[in-house]
Amino acid sequence: MTGFARAEGSGAGFAWAWELRSVNGRGLDLRFRLPPGWDALEPVLREAAGKALKRGNVTANLTVKRETEPRLVTDPTALEQVLALAMDLHKRIPGSPVPRAETLLSLPGVLRPAQAEEAVPDTTAAASGFTRALSALVAARQAEGARLATTLTRLLDEITALHRQAATEAADQPAAQRARVMDNLTALLREAPPLPEERIAQEVALLAARSDVREELDRLASHIEAAHALLHEAGNIGRRFDFLVQEFNREANTLCSKSASVALTATGLKLKATIEQLREQVQNIE
């Protein structure tokens, strides 16, 4: 969901430029930075951006400057005051020159810039420029999405390979766990009162069932298939994919907790690491 776009133009004596920046975000957060006097644009532009974008922290910055320097005009009150003072001094000082116009105009306060209201901003042209910048931002995010799809597919392929490896390593886990428990019980029963064989069999079966990870592997396979299906959708999938990755992680955690072998634990940890990479990339999806 990262992207950048710029659009610029001019009209009615103003030059303006839009810069739109987008970074990752769980929802859509729009922030407009507009010069004084241009605030009336924000509601319409915010609505347009909300229709085009669904996720990301987006900043829209508008800079405006006059194409020409503001013309100078005299301040009538200040001019009358300095002229009266200058003529009064001229009369008081015999032989002094008559005050010159350029001298009077150079005095502070006599000249001032024309009021800003004399030039009316062309908000229509600026709003059109925002639309162009927004379209360019959407295109930039789509291009990033195409590159991201390749990365996500690669990570899903890695998770699929680790899933197959875990299934192979877990195939004999219940039997191995049962044998291990029986050996431990046999050693303990040599030094303790004997237990009914039926009770021993029940406990061993329960422990073996707890170490069976076939359900977790089946659910993980289903999640992988769902993730591939999401990648082929054309709509907004970011939030659904984010939730799905949480389910990926849940199954990997359970797999590690139920593991009874070093090999399966190692594979489970690799799964968790790859799923975390997938989660980080999914944050970029709209």
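In this predicted model, strands E2 (residues 14-23) and E4 (residues 56-66) pair in the antiparallel sense. Their pairing runs over 10 bridges. In general, the strands of a sheet pair through backbone hydrogen bonds, in either a parallel or an antiparallel sense.

E2 and E4 belong to an open sheet of four strands. The order across this sheet is E1-E2-E4-E3, and the pairing is mixed. Strand E1 (3-11) and strand E3 (28-33) form the edges, each pairing on one side only. On average, neighbouring strands of the sheet are turned by 10 degrees against each other, direction ignored.

Helices also pack on this sheet. Helix H1 (residues 42-52) touches E2 and E3. The direction of H1 makes about 150 degrees with that of E3. Helix H4 (residues 123-170) packs on the sheet as well, and touches E1, E2, E3 and E4. The direction of H4 makes about 30 degrees with that of E2.

The protein as a whole has nine helices and six strands. It comprises 286 residues, of which 33% count as buried. Contacts between residues at least 6 apart in sequence were also examined. Of these contacts, 78% join residues at least 24 apart. The accessible surface of the protein comes to about 17,000 Å². Carbon and sulfur atoms account for 56% of that surface.

Two residues illustrate the interior and the surface. Alanine 227 lies in helix H7 (residues 214-231). Its relative accessible area is 0%, so alanine 227 counts as buried, the cut-off being under 20%. Leaving aside residues up to four places away in sequence, alanine 227 touches Leu156, Phe241, Leu244 and Phe248. Phenylalanine 248 is 21 residues from alanine 227 along the chain. The C-alpha atoms of these two residues are separated by 9.9 Å.

Leucine 111 is found in strand E6 (residues 111-113). Its relative accessible area is 35%, so leucine 111 is partly exposed, a class that lies between 20% and 50%. Together with Leu72 and Leu105, Leu111 makes a nonpolar surface patch. The area of this patch is about 250 Å². Membership of a patch requires over 30% relative accessible area, and the 35% of leucine 111 is over that cut-off.

Conventions. Residues are numbered from 1 along each chain as its sequence is written. This is a predicted model: local features need pLDDT of at least 70, side-chain atom pairs count only at pLDDT 80 or more; totals for chains, interfaces and linings use all residues. Side-chain values use heavy atoms; hydrogens and water are left out. Patches are made of residues with over 30% relative accessible area and no salt bridge: like charges are joined within 9 Å, nonpolar side chains (Val, Leu, Ile, Met, Phe, Trp, Tyr) within 5 Å. Accessible areas come from the Shrake-Rupley method with a 1.4 Å probe; for residues, only the protein chains shown count as cover. A salt bridge is a side-chain nitrogen of Lys or Arg within 4 Å of a carboxyl oxygen of Asp or Glu. Buried means under 20% relative accessible area, exposed over 50%, partly exposed in between (1.4 Å probe, protein chains only). Contact means heavy atoms within 4.5 Å. Two strands pair if DSSP finds at least two bridges between them. Axes are lines fitted to C-alpha atoms, for helices over the stretch in contact, and angles run from 0 to 180 degrees between N-to-C directions.
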